[in-house]
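Below, a reader new to this structure can follow a set of questions and answers, each of which works toward a single value or name.

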Amino acid sequence: MVFEASAPSNIALIKYMGKSPLGGNRPANPSLSLTLNHLRSFVTIEAIDATTDVWEPLSGFPELKLSEGGRKKFLSHFYQLKRHWNLGGHHRVRSANDFPPDCGLASSASSFAALTLATYEMAKSLNPNLKCPPVELSSLSRQGSGSSCRSFFSPWAEWGDEGAEAWDLDLQLAHAVVVVDDRKKSVSSSEAHQKISSSLLWQGRPERAKSRLEDLKKSLATSDWRSSYEICWAEFWDMHALFETSRPAFGYMSKGTLEVLDKCRQIWLHENDGPLVTMDAGANVHLLLREEQISQAASWLAGWNYLKSWN
Ligand code: DP6
């Protein structure tokens with residue numbers, strides 16, 4: 001029997017960067033994200049006669065290559081889930097994304113969410129009375145990779161001390177990510193969480209993020225688009241400044257990144273309007289658009305390689 005599941009990625013506008021000493025990938029500050037249903041991960045699980053679990057890329061998608069560390073993290077989450085649901089035996093876990101992995105498109109969020117869901121499918125087949133609501137699945141998934149806990153809610157998710165939940169805002173935004181670089185990043189997000197505490201800017205960072213979260217929720221809820229843009233802009237620069245002021249410093253932005261960011265700034269300057277702009281721990285630039293901006297997007301994005309949520 002093969003159990004399968006798929007889950008979406010998400011892009012944070014207020015970032016999870018830095019972890020609480022309590023462990024289990026609890027965040028140092030609350031975050032807010034938009035779920036990206038057009039960027040998904042797929043996982044299948046089947047029992048095998050073996051002495052360990054194994055991971056393989058799932059065929060039919062761009063071939064996923066997981067590093068030794070990436071494989072270990074993924075299978076160790078699977079092991080914890082099996083312990084949680086009392087599932088025995090060994091399994092072959094296959095996974096893939098329908099977008100380039102490990103380059104700031106949050107493949108870890110979607111793949112850990114999909115693994116949690118596929119394992120839940122397997123648990124339910126053995127125990128048909130099992131009922132795990134999304135908040136519980138989200139909390140289990142968080143322990144594998146923090147940002148995955150937000151992928152269980154759509155379109156908006158807020159993740160604070162009490163776990164992730166849907167943020168109830170009736171606003172659908174279109175998404176495009178300019179893929180400046182689709183190579184694997186040299187510092188993983190998990191490593192970044194550890195390194196940034198060496199930055200002098202770390203002090204006060206959880207408070208800044210918290211206060212931006214409140215401001216952003218207000219500006220989005222009142223359709224104050226410019227303020228939303230300014231808050232998102234400040235927030236991703238804050239995170240990237242933490243990277244660049246760590247000791248030793250590290251970073252993700254490339255020449256291409258800066259060109260895209262400059263173009264976005266020019267759009268806002270000349271049109272007094274434009275996309276919300278944000279970045280994850282990677283070189284690629286995410287844009288969020290109101291429905292009525294989609295017709296302009298082709299000219300804004302001309303000449304770049306990008307993935308988009310609209311047809
Ligand atoms: C920059 O969830 O990948 O994307 O919990 O160690 O697996 P781990 O980290 P991860 O961190 C994501 C960080 C981020 C910002 C965000 O998604 O909020």
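Q: What percentage of the 311 residues in the protein is buried?
A: The model is a predicted one, and a residue counts as buried when its relative accessible area is under 20%. Among the 311 residues of the protein, the share that is buried comes to 52%.

Q: How many helices and how many strands does the protein have, and what is its radius of gyration?
A: The protein is made up of eight helices and ten strands. For 311 residues the globule rule gives 19 Å, and the protein is close to that figure, so it is as compact as a globular protein of that length. The radius of gyration of the protein is 19 Å.

Q: What part of the contacts with a separation of 6 or more comes from residues 24 or more positions apart?
A: The C-alpha atoms of the protein occupy a box of roughly 65 × 45 × 35 Å along the principal axes. Of the contacts in the protein with a separation of 6 or more, residues 24 or more positions apart account for 74%.

Q: Which helix gives the most residues to the shell around the ligand?
A: The ligand is surrounded by 18 residues, and the closest are Tyr 16, Lys 73, Ser 145, Ser 147 and Ser 190. This shell divides into five nonpolar, eight polar and five charged residues. The helix that gives the most to it, with three residues, spans residues 189–195 and is helix H4.

Q: How much of the area that the ligand exposes when taken alone does the protein bury?
A: A polar side-chain atom of Ser 145 lies 2.6 Å from an oxygen atom of the ligand, and an N or O atom in the side chain of Ser 147 is likewise 2.6 Å from a ligand oxygen atom. For Arg 150, a side-chain N or O atom is 2.7 Å from an oxygen atom of the ligand. Taken alone the ligand exposes 460 Å², and the part of this that the protein buries is 96%.

Q: Which residue has a side chain joined to that of Glu 158 by a polar contact of 3.0 Å?
A: Glu 158 is found in strand S5, which covers residues 156–160, and its relative accessibility is 14%, so it counts as buried. Leaving out residues up to four places away in sequence, Glu 158 touches a set of residues including Ser 31, Leu 32, Trp 167 and Leu 213. The side chain that the polar contact of 3.0 Å joins to that of Glu 158 belongs to Lys 217.

Q: Is Lys 217 buried or exposed?
A: Lys 217 has its place in helix H5, residues 205–221. Apart from neighbours within four places in sequence, Lys 217 is in contact with Leu 32, Glu 158 and Trp 167. With a relative accessible area of 17%, which is under the 20% cut-off, Lys 217 is buried.

Q: What distance separates the C-alpha atoms of Gly 274 and Ser 107?
A: Gly 274 sits in the loop between helix H7 (255–271) and strand S8 (276–278), and at 0% relative accessibility it counts as buried. Not counting residues up to four places away in sequence, Gly 274 touches Trp 225, Ile 267, Trp 268, Gln 293 and Trp 300. Gly 274 and Ser 107 are 167 residues apart along the chain, and their C-alpha atoms are separated by 26 Å.

Q: Is Asn 25 buried or exposed?
A: Asn 25 lies in the loop between strand S1 (2–14) and strand S2 (31–48), and it has a positive phi of about 55° although it is not a glycine. Its relative accessibility is 14%, so Asn 25 counts as buried.

Q: Is Ser 223 buried or exposed?
A: Ser 223 is found in the loop between H5 and H6, and its phi is positive, about 55°, although Ser 223 is not a glycine. With a relative accessibility of 64%, which is over the 50% cut-off, Ser 223 counts as exposed.

Definitions and conventions. Residues are numbered from 1 along each chain as its sequence is written. This is a predicted model: local features need pLDDT of at least 70, side-chain atom pairs count only at pLDDT 80 or more; totals for chains, interfaces and linings use all residues. Side-chain values use heavy atoms; hydrogens and water are left out. A residue is near a molecule or strand if one of its heavy atoms lies within 4 Å of it. A polar contact is a pair of N or O atoms within 3.5 Å; within protein, one must be able to donate a hydrogen and the other to accept it, and residues adjacent in sequence count only if both atoms are side-chain atoms. Accessible areas come from the Shrake-Rupley method with a 1.4 Å probe; for residues, only the protein chains shown count as cover. Helices (H or I, at least four residues) and strands (E, at least two) are DSSP runs, numbered from the N terminus. Ala, Val, Leu, Ile, Met, Phe, Trp, Tyr, Cys and Pro count as nonpolar, Asp, Glu, Lys and Arg as charged, and the others, Gly among them, as polar. The radius of gyration is taken over C-alpha atoms; the globule rule is 2.2 Å times the number of residues to the power 0.38. Buried means under 20% relative accessible area, exposed over 50%, partly exposed in between (1.4 Å probe, protein chains only). Contact means heavy atoms within 4.5 Å.
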